[in-house]
There are 2 protein chains.
Amino acid sequence: MPFNYLPPLLQESDKKIILLVMDGLGGLPDKASGQTELEAAQTPNMDRLAAEGCLGQTIPVRPGITPGSGPAHLALFGYDPLTYDIGRGALSATGVGMDFKPGDVAARGNFCSLDKEGVITDRRAGRIPNEVALPLVEKLQGIEIPGVEVMVRHVKEYRFTIVMRGEGLSAEIEDTDPQQTGVPPLPAKAAAPEAERSAELFNHWIAAAWEVLADEPKANGVTLRGFATDPELPKYQQVYGLNPACVAGYPMYRGVARLVGMEIIEFSGESPEDEFKAVAKAWKDFDFFFVHVKKTDSKGEDGDFEGKAKIIESVDQALPVLLDLKPDVLMITGDHSTPSQLRSHSWHPVPFLLWAPATGRPDTQTQFGERACTLGGLGTFPATDTMPLALAHAERLIKYGA
Amino acid sequence: MPFNYLPPLLQESDKKIILLVMDGLGGLPDKASGQTELEAAQTPNMDRLAAEGCLGQTIPVRPGITPGSGPAHLALFGYDPLTYDIGRGALSATGVGMDFKPGDVAARGNFCSLDKEGVITDRRAGRIPNEVALPLVEKLQGIEIPGVEVMVRHVKEYRFTIVMRGEGLSAEIEDTDPQQTGVPPLPAKAAAPEAERSAELFNHWIAAAWEVLADEPKANGVTLRGFATDPELPKYQQVYGLNPACVAGYPMYRGVARLVGMEIIEFSGESPEDEFKAVAKAWKDFDFFFVHVKKTDSKGEDGDFEGKAKIIESVDQALPVLLDLKPDVLMITGDHSTPSQLRSHSWHPVPFLLWAPATGRPDTQTQFGERACTLGGLGTFPATDTMPLALAHAERLIKYGA
């Protein structure tokens, strides 16, 4: 359990916490202006919070380590990703809301295109749209494998998730996606003796899938990867005594959130304002809200500096919806950096803003940005410290020792 | 042992270190002025040291954790309080200077008021003054329990400390103070099988105590809590190669200091100047001085912003007494924060000032205060790093490796 010193210190409180994550928030300065996306964006609301609150910067996993989204979020949630290793299949299954239980084995699936020799010609089956994929997933759902229960759910376009349930299953199975075209998919291969039977069961299923897909023009094959069981993470309820909720549009983030015990709040729309309104609607029912904004990362990965800054501005413009709720603790940060100049995740520290009107200690900074955060009162700290700080400011921790 | 890499690096030096702790030093800004107690206080001496020296802020235990005074001091002394857990009885016994040895069991005692049914009507016996308590403690000292030696010492008002010495004693005993009135005191109850006999011995003693106190108008009962043995901490002499002394007025701090090997210096008076003069008097005999000022914390807990600032000013005014000694390393900090707005200890980082004229590296800051410390050259660091820093600046550490 992370923070094994916390549970004896937890106390009830009616104080509420919001953790607002702009994915890939951290950036690098534009050569011309010398400003990062966050610094260039017009963010009057966040700047006010920065002036009233306290800044800092987080190290997502370890200095120099560029994290994937799963580990980066685990860290923000307080679970050291070097200790808590979670398979992508588990994130995927929980992310799409499948009934995924301890002992089950999940994997991510792709539809792919095979030629007559069974060689992959397109690893994503021409990125078939949802309306093409959905009936195919229905076909896959019809496959039965003796001795186990198999569940399949569509994720998006050419992607689906499979969960197998039965006695003595193991996820120690290697990916069947060869990560290249011009070769056939690999068989599911056990990476440990105890997974022999499980690999065989998945191979049966794959063979059956190819059979039902045989006549498809594009999606006539499947590959599986990220075989994983439920990591059975200790939940927010035990670790922090919180009743937490997640507002996130993307399955992966919903998946990580669910794995740590968060309730997923459904909402329509996909703008920051839509998300914040979902928080408002559920405000009474939870004491912790994780709100995830995806597009800062997407724009960063597209190399779109302006686009990323615009998303940050749209978050700032919608912020009054959250502020009107009068949260006791509001933290605004990213899970990692995604500088648009690099078009990818990076290892750079992540800007962090803590605003807690009753207990915050303002620092010298008055704007939310990377350089201001290096001078902030919270210093540079591991992302895993985020939750204990939040609990303290929510007056949910009693004194340690006398 | 903390810092197991240090002993091979230790070298002799005639350089002297002072660690001046203003209890609960850290604060929060006053809404009107925007300044904390430390920032608002007129501290020309400390500001000069800040300009010549280096600032930083410490995390006492872990981010978000509000420490009690015992754990907070252990951390400053270099002993991670999550590793070194010390019972209050042990702090109390060593704090009042009792002969407390490994294997002994100590507990804190309260005189209390009992009605005819043996129900507690006042957990502190009307806070009887010292002159009423002292003869009662003498009565308690007269009690003999076969098979063990029992020592009792008065602490203050209604409080005393008891130490039991004998073969095979255990401190795994639950408090007898029910922490409320209207119920009888609890019996001493073993929390582990090996403590059965010890609990019984304490129950014998409690029964005998009630007998000798039966006719007292107020203090006709006792409760015991914080049963503890000597934690047998590694001492400063071994860990740091130092010959350390403590100047502190309050028993608890003298207790922690004694547990890590410090000699307690007796002095009269209770002002910072009285304490600093005691340092001067003992200057030749020790190479490390821990000086503890209590009232910053007391004023903080009273919610007295002005009062806390005034205590800080009185420390500053007396500081020349210490400076005249020409210490090689002077560190000024707190053990934790006690913002007067919160009227309690808090988790906020603690201002830290390091002044070492021969080896210090001045930073950009010129005033001692919370915000200046966030910009200081030492950054934000665990309080447990304090002692190695002090040793380095006292030229007491050789190079690690070639």
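The model is predicted, so local features need pLDDT of at least 70 and side-chain atom pairs count only at pLDDT 80 or more, while totals for chains, interfaces and linings use all residues. Residues are numbered from 1 along each chain as its sequence is written, chains are lettered from A and ligands numbered from 1 in the order in which they are written, and side-chain values use heavy atoms, with hydrogens and water left out.

**Where chain B meets chain A**

- Chain B brings 30 residues into contact (heavy atoms within 4.5 Å) with 27 residues of chain A.
- About 2,200 Å² is buried between chain B and chain A, with 63% of that area coming from carbon and sulfur atoms; buried area is the accessible area (1.4 Å probe) that two parts lose on being put together, summed over both.
- On the chain B side, Pro63(B), Ile65(B) and Trp347(B) lose the most area to chain A, together 24% of what that side buries.
- Nine residue pairs, both residues at pLDDT 80 or more, are in polar contact across this interface. For a polar contact, a pair of N or O atoms lies within 3.5 Å; within protein, one must be able to donate a hydrogen and the other to accept it, and residues adjacent in sequence count only if both atoms are side-chain atoms.
- Helix H3 (69-76) and helix H12 (370-374) of chain B are the elements that give two or more residues to the side touching chain A; helices (H or I, at least four residues) and strands (E, at least two) are DSSP runs, numbered from the N terminus.

- In chain A, the axes of helix H4 (residues 88-95) and helix H8 (residues 251-259) come within 7 Å and cross at roughly 95°. Axes are lines fitted to C-alpha atoms, for helices over the stretch in contact, and angles run from 0 to 180 degrees between N-to-C directions.
- H4(A) and H8(A) are therefore roughly perpendicular (65 to 115 degrees) to each other.
- Among the residues that meet here are Arg88(A) and Leu91(A) in H4(A), and Met252(A) and Arg258(A) in H8(A).
- In chain B, the axes of H4 (residues 88-95) and H8 (residues 251-259) likewise come within 7 Å and cross at roughly 95°.

**Salt bridges**

- Over all chains, the structure holds 32 salt bridges (a side-chain nitrogen of Lys or Arg within 4 Å of a carboxyl oxygen of Asp or Glu).
- Between chain B and chain A the count is zero.
- One salt bridge joins the side chains of Arg165(A) and Asp104(A) (2.8 Å, N to O).

Notes: Parallel < 35°, antiparallel > 145°, perpendicular 65-115°, else oblique.
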